[in-house]
Amino acid sequence: MSNKKYWKGFEELQNDAEFIKAKKTEFPDKLPLGTALKPGNEGAKSGRRDFLKVLGYSLTAATVAASCEMPLRKAIPYVVKPEEIMPSVANYYASTFVNGSDFCNVLVKTREGRPIKVDGNKMSKLTQGGTSPRAQASVVSLYDNARLKYPTTNGERLTWPQVDEQIKRQLRGVRGDVVLLTNSISSPSTKEVIRRFQNRYNATVVYYEPVSKSAMLLANQQSFGKKVVPSYHFDKADVIVGVDCDFLGTWVSPIQFAADYIKKRKVDADNPVMSQHFQFEPRVSITGAKADYRRSVRPSQIGAVLLEIYKLVGGGGSGAGVNFPEPVQTAIVKAANALKGARGRSLVVCGSNDVDAQIITNAINGALNNLGSTIDFDSPYTVHQGDDKAMQDLVKDMNAGRVGALLINNVNPAYSYPDAKAFKDGLQKVGLSISFNDREDETAEFVKFLTPDHHYLESWNDVEFKKGHLGLIQPTIAPLFDTRSMAESLMEWADIEGDYRSFVQNYWASNYGIAGDSWNKALHDGIAVTNRRGGFEESPTGSTVFTGNAGTAASNIARKVQSGGGVEVVLYENNTVGDGRYANNPFLQETPDPIAKVCWDNYAIVSPKTAKKNGWTDGALMNSPTKGSDIIDITANGKTITLPITIQPGLQEDVVAVAVGYGRTKPGNEHCMVGQNAYPLLALNGDTFDFNITSGVSINQNGGGYKLAQTQTHHTIDDEREIINETTLTDYKAKKDSGNYTGQKYADAGWTSHHYISLYDGYEETLGQGHHWGMAIDLNSCIGCAACVVSCHLENNVPVVGQTEVHRAHEMHWMRIDRYYSSRQDTDPDYEHPEIAFQPMMCQHCDNAPCENVCPVNASNHSSEGLNQMAYNRCIGTRYCANNCPFKVRRFNWFDFQGNDSFYAKSVLNNDMTVMVDNLSRMVLNPDVTVRSRGVM
């Protein structure tokens, strides 16, 4: 819309003289000469002699890289070729990606017996072919050298028979409770194994999730007598209100919710109708960025927003007595009116881990008749079983000496539990401790037996993420190391005969009647439906009546609101590193946060008002971005962490947002030991841990000059160009091409409107000739999650360059998702409630691309199929093509990343390539894609 101004960051909005100068300079950094070529010596000075040295080196490097001679490599053919493998032809296997609450049905692409790519399974009616950045990058963790390679005890390698003999002997003579501490388990077969293990040793199970839904479980038990997480049908909701709930990014089942949500947001000429979405949140999430009305609120006001909505929709009560800012109060009233007009067709969701807030959310949905329509308790999710109180009780029992054996599965409480010291102290008092985790993490240091689990791509298993919806996990490669699945270990120790594959197959036959041909079909499809409801062939039936005590919950919320004020902190999980279990995945570390556009770090997000009041600034507001960000100490609950700041619109004054999942001390790779651990700041709220810390918080400056690896402003497009085309639903109904840019073309001695303006004469006449390639993105559907960025990264062998090189704007992503804030041209920007839009930018295979005309050696040329293509051996690195690219999608690869497939410790020029240069990590490479080692754009 022409009356709006779009801006990526504050420096672009302010448009000062230095920013304008930098924007017009293609290569703002001076040519690194001599010692300046080495990371860390960028400021070194060099003379004319050094320049000639570098020039000579670059010509030599280009000549060597362009050489057609390849090193001799010997290949050993199959003696007996497996029937299902055809060299150079990919095989696909249906499986399921699940890691705690992360879930999607997938197809795994294998080449010559090794998995290299994961994509969504479109046969799944649950995730509908969607994936996430974590699912896309999961294949990388299979080839992670930091994985444990065999079982050990006290650092000594054992065979599995030796492990089994020692553990079974100690289990039989254990004194005290036997406890299995595990993340959420959604496998019905594994749960049956656990049940038999419990019967054998009188064991108990404690479910623990660092980012739990414990408050929702407790609230649903009090409200409906059902301690479950229900199904949410965003595709049936005409009005959606999200309160501190990132349901498109990390909440409950974001892949499914995103697919369902977009169904109600797609608009065309025949169906100009879409759902209304209101979002109230303390920090900017990708869900808030997609909302029609997004308003920022303080963490202490989350419950007050719910109480106000509850009162306005006729649920009862008198609200919380909070004087909201006018934009917030207006949006609350508008949301309540929209909800009342869509009874039974609306949805209110809350992501707070506060029981009282969840009870009021249930009361609102009950008052709106949403229970049994858009919310279904008859087909609940089987994950999100984490119980904060049970975990606290376990730590107390461990320290009191009441736990004799502790088996730890896929959780790392020595890192993620808020009082990690108490957990570690208690663990050392446990006689028998066993870890099934796949690496020697922070918890494994205090465990006696390490019995590493398989990667899911090496395993047999099953998943029932949602009642009635079964998924199979089948191995796509033989185990790379001497590992064994957790279920198989429990079977051995509980004296259950047989292998786990047969156990799963027999369990399905006995409990679901899936055997013979139906079992083979399930193997082929990767999914099975046990009833019509599970197949989503019917709408939710039956109703659930709210019987909770809304009055008591409202009183508790009002008391919490009054105790708020001052500085408040909101902790959150991002959609890449998550709760910390993905910290050792460099592809996820290098994927920028969808909003802050920072990677390889966590940071303290503050509002412009907070920064101005405290005299802080960061790279976005400083005249020289190279000076870096200020650093602050954040103290809460007696714990202090130190983080750099980044200033971002969308937060209230004195609100600080920090992502958990960073600050790992033993992720496996020292280069992934980035950021600070924010879990110690968590507040105890009754029986649950609260991620909104509303009292007792202090912040103080502790230095400056910290360089964040931020990608957002590496490429700035001139203001004269239309960046984003937007319109309103009202304008679209009146004019179908509303919001689209229409240019002016001079023809027949006059200017006429023309939808497409070409750079070349006669271009329009060639459109019908030959092949023409194009990729279209529905901007109304894009949520900015960056799953496509990670997918492109892996599919095309795009190298990860590491934090230092991203600092220098050297990231090699072929795709990026630009995030723009917008404001009216005639008003000051609203820093607390900005409008946000995502603009995906992929590699532009342009017809008659402007880079083709400026290359002095014709390396960038035009194919007969209408594609812009590269002749690798011609490129000499002038980068004229990058200078002439209007989309700023070009990257120049100077370093030899092909010899170092991820990122490196020091300068490649010093021949010190010491990180991930091994055969194992190279197994993830796609053999169908060749990326030249140097000089390619």
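Visitor: What makes up the lining of the largest cavity, and which residues lie nearest its centre?
Guide: The largest cavity is lined by 22 residues, and Val-211, Asp-244, Gly-351, Leu-571 and Tyr-572 lie nearest its centre. A lining residue has an atom within 4 Å of a cavity point, and a cavity is a set of points, on a 1 Å grid over the protein atoms alone, where a 1.4 Å probe fits but cannot get out. This is a predicted model, in which local features need pLDDT of at least 70, side-chain atom pairs count only at pLDDT 80 or more, and totals for chains, interfaces and linings use all residues. Residues are numbered from 1 along each chain as its sequence is written, and side-chain values use heavy atoms, with hydrogens and water left out.

Visitor: How much space lies in the largest cavity?
Guide: About 350 Å³ lies there, the volume being the space filled by probe spheres set on the grid points, which are joined across faces, edges and corners.

Visitor: Why is Arg-484 called buried?
Guide: Buried means under 20% relative accessible area (1.4 Å probe, protein chains only). Arg-484 has 12% relative accessibility, and therefore counts as buried.

Visitor: What polar contacts does the side chain of Arg-484 make?
Guide: The side chain of Arg-484 contacts that of Asp-164 at 2.7 Å and that of Ser-489 at 3.0 Å. A polar contact is a pair of N or O atoms within 3.5 Å; within protein, one must be able to donate a hydrogen and the other to accept it, and residues adjacent in sequence count only if both atoms are side-chain atoms.

Definitions and conventions: On a 1 Å grid over the protein atoms alone, a cavity is a set of points where a 1.4 Å probe fits but cannot get out, and a pocket is an open set with protein on both sides within 12 Å along at least five of seven lines; lining residues have an atom within 4 Å of a point. Buried means under 20% relative accessible area, exposed over 50%, partly exposed in between (1.4 Å probe, protein chains only).
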